[in-house]
2 protein chains.
Amino acid sequence: MKKNISLEEAQGLVLESCMPIGQEFVDLHDSLGRVLSEDIKAQENIPPFARSPYDGYAFRAEDTFWVNKENPVTLEVIEEVPAGYAPQQKVVQGKAVKILTGAPIPEGADAIIKYEETEANGNFVTIFSSLKSGQDVVPAGEDVAKGEIIASKGTVVSPPILGLMAGLGVTRVPVYRRPRIAIISTGDELLAIDEPLRPGKIRNSNSHTLAAYIRKAGADPIILGTTKDKVEEVGSLILQGLEQADMVITTGGVSVGDYDVLGEAVDYIGAETLYWKIEIKPGSPNLAAVKDGKLILALSGNPAAALVIFHLLGTLYIKKLAGRIDYLNRRTEVILKNDFRKASPRRRFLRGKLIMENGSALMEITGEQGNGVLRSLIDCDVLAEIPEGSEPQMAGTKLTAYLID
Amino acid sequence: MKKNISLEEAQGLVLESCMPIGQEFVDLHDSLGRVLSEDIKAQENIPPFARSPYDGYAFRAEDTFWVNKENPVTLEVIEEVPAGYAPQQKVVQGKAVKILTGAPIPEGADAIIKYEETEANGNFVTIFSSLKSGQDVVPAGEDVAKGEIIASKGTVVSPPILGLMAGLGVTRVPVYRRPRIAIISTGDELLAIDEPLRPGKIRNSNSHTLAAYIRKAGADPIILGTTKDKVEEVGSLILQGLEQADMVITTGGVSVGDYDVLGEAVDYIGAETLYWKIEIKPGSPNLAAVKDGKLILALSGNPAAALVIFHLLGTLYIKKLAGRIDYLNRRTEVILKNDFRKASPRRRFLRGKLIMENGSALMEITGEQGNGVLRSLIDCDVLAEIPEGSEPQMAGTKLTAYLID
């Protein structure tokens with residue numbers, strides 16, 4: 001078992017063998033937020049035909065090549081084409097078709113002019129300017145050309161992707177199955193949320209915060225409940241989680257104390273421990289193990305310590321399991337907006353909020369940075385890295401930051 | 001009726017009388033993504049008692065004031081307190097309590113030292129350094145102090161807010177009711193998504209794109225279907241929408257052509273038109289009307305034109321209706337990453353993607369900017385403003401941009 005490894009080594013160990021867990025087809029409307037399991041390739045053009053962007057007239061551009069204000073041309077209007085109808089006639093020399101927004105361009109015509117720029121008189125229309133071939137014609141395939149891939153395998157379905165699939169007539173969408181993630185909290189001190197406080201006890205918040213983040217990451221949480229700090233109890237609950245879910249996350253019981261039992265529990269059930277402890281603050285005490293190809297991620301009982309590792313490692317695993325190609329944290333440079341007045345003998349991740357001001361990316365520290373402080377994760381959308389052995393960091397310092405969601 | 005007004009005037013007209021539509025209580029787990037209808041005030045401290053951050057010993061700091069490596073102090077260990085249990089004894093001079101991570105600090109003790117920094121011998125522990133009062137004690141209320149507001153009315157419930165509510169024992173959460181938004185598409189050219197293409201016809205994508213964006217904005221879409229360009233048909237479908245929903249959005253039939261019927265349809269049903277046309281590109285042809293206090297927003301049939309107005313006006317209305325305090329688009333300065341080689345005689349909004357590079361906020365244009373192009377809304381998370389009467393904009397230009405989601 002590896003011990004006290006770097007975050008990057010832990011990410012590598014955990015993500016290496018992570019694979020999507022299968023696919024299914026869902027109705028178009030249920031595909032919002034799901035991950036595509038196949039490329040979506042356009043089987044048609046959008047729009048399917050060349051069309052008019054205005055209410056106007058369609059005709060041959062060459063009938064206007066010599067035209068100007070003093071020398072207008074008058075064309076005979078042979079048909080009117082509303083949107084939704086196919087032109088019945090071909091446009092030849094000296095002829096025009098009245099055409100409405102979105103209607104198909106008739107055969108033979110290659111230019112469009114707006115009503116407002118013409119003079120109509122019975123079945124005739126007079127044009128006062130010269131037009132180029134193709135002028136103001138919206139070509140077939142302007143939005144999407146037949147054969148193009150509009151969204152790749154591994155992409156999350158967003159509203160415009162959903163809309164383009166609608167336009168292409170895709171009614172059933174191939175997506176990856178949503179992973180199920182079991183959550184277990186350990187600790188003799190934990191109460192359920194509806195229990196009154198008693199001396200020495202606190203309510204379990206970790207299961208609920210994690211369940212919400214798991215849902216946001218595109219997976220389905222299963223809260224298995226809390227268990228006492230007993231190796232057999234913890235082990236048997238983990239086994240139950242492995243049966244029901246694609247991954248198990250625990251909180252508590254993973255540091256060095258007499259009652260810290262996660263290490264023993266994963267041994268007890270015959271899982272292979274990948275590592276114990278990562279060299280960062282907060283969140284160092286955590287452990288990853290594998291049984292039957294499924295990951296067990298054991299996080300600290302301290303909310304912030306647990307969630308920082310969840311954001312820098314757990315979410316990545318869940319997103320990859322869900323089939324996403326963008327499973328890594330996006331990285332950016334940020335400028336500290338306020339001071340962090342503590343030295344960092346160890347590599348540290350600061351909770352903050354990304355703020356854009358005058359074209360610069362700043363980060364505001366979201367509050368107290370203690371291991372037990374959940375509150376500074378409210379409004380936190382970025383974790384900024386302070387290298388090992390750093391002095392206090394003053395406002396204006398540039399840091400590398402990882403976006404979380 | 002006002003005509004050709006500014007975006008800001010239209011926003012004012014539409015948002016002025018917009019109010020949340022009622023509240024309800026939901027289970028904690030169903031509150032993720034919902035909007036709080038009341039402030040959430042902590043009725044207790046989190047944690048509820050002062051506790052130990054480590055496995056270690058608790059004692060009186062003053063017993064160590066004179067201590068150093070050469071002059072250690074040895075204390076008698078009178079009790080062991082695991083997490084979840086209340087200390088039974090008071091700590092007095094010369095005594096210590098063995099304490100585990102998360103356990104309450106016993107009465108009388110005011111300092112904690114880690115196991116690793118001591119020497120234990122039977123019922124005695126030896127300490128080799130001087131500690132300050134309060135050292136390494138996690139105070140009660142470190143995360144949340146009793147009486148504090150952890151999240152304000154009008155805030156969207158995020159995972160950490162949900163977690164803090166769990167910690168405070170909030171099992172039923174007061175939230176605003178989700179607005180229902182009816183969607184109608186007009187146009188003789190529209191097919192349902194499962195119909196095969198026919199000459200002159202296109203599939204309706206607008207209803208589906210809008211439904212997805214509405215869901216993301218925290219409301220429930222009701223797709224009422226498509227209707228022909230006939231005043232009575234459009235009017236009666238709008239009436240049906242007003243009956244079932246809190247707002248009606250239509251697409252198509254709102255420009256100047258012979259078959260553009262929305263203006264007549266809202267008159268026909270006795271709605272009051274607030275304005276027709278906004279002075280921007282894309283999206284100028286649109287209309288807002290009110291009947292029985294409910295908004296009817298009539299958007300263009302061109303996807304991009306419809307969605308730009310939806311993002312700069314419709315979403316704002318829906319978010320305010322949903323009770324959100326942050327209903328306006330966040331604004332930022334961005335630096336154009338690539339050229340936009342067209343003059344802009346009218347005020348224009350460019351679709352783009354926000355990119356952070358070396359601490360700067362850049363915007364990459366996401367593709368063709370035509371009225372009919374839905375594709376460039378994929379990956380678009382920002383709309384950058386080009387003022388009226390502008391020359392082409394080259395890479396490096398700074399623009400004001402509005403964040404969309």
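What percentage of the 405 residues of chain A count as buried, and which residues of helix 2 of chain A are buried?

Guide: This is a predicted model, in which local features need pLDDT of at least 70 and side-chain atom pairs count only at pLDDT 80 or more, while totals for chains, interfaces and linings use all residues. Residues are numbered from 1 along each chain as its sequence is written, chains are lettered from A and ligands numbered from 1 in the order in which they are written, and side-chain values use heavy atoms, leaving out hydrogens and water.

Of the 405 residues of chain A, 57% count as buried (under 20% relative accessible area, with a 1.4 Å probe and protein chains only). Chain A has 6 helices and 24 strands, taken as DSSP runs numbered from the N terminus (helices H or I, at least four residues; strands E, at least two). Its C-alpha trace spans about 95 × 50 × 40 Å along the principal axes.

Within chain A, helix 2 (residues 159-167) is mostly covered, with 9 of its 9 residues buried: A:P159, A:P160, A:I161, A:L162, A:G163, A:L164, A:M165, A:A166 and A:G167. The cover of these residues, by contact (heavy atoms within 4.5 Å), includes strand 3 (40-41), strand 10 (149-151) and strand 11 (172-176) of chain A, together with strand 14 (202-203) and helix 3 (206-216) of chain B. Just after helix 2 of chain A, A:G169 takes a positive phi of about 80°.

Terms used: Buried < 20%, exposed > 50% of the residue type's maximum accessible area, 1.4 Å probe, protein only.
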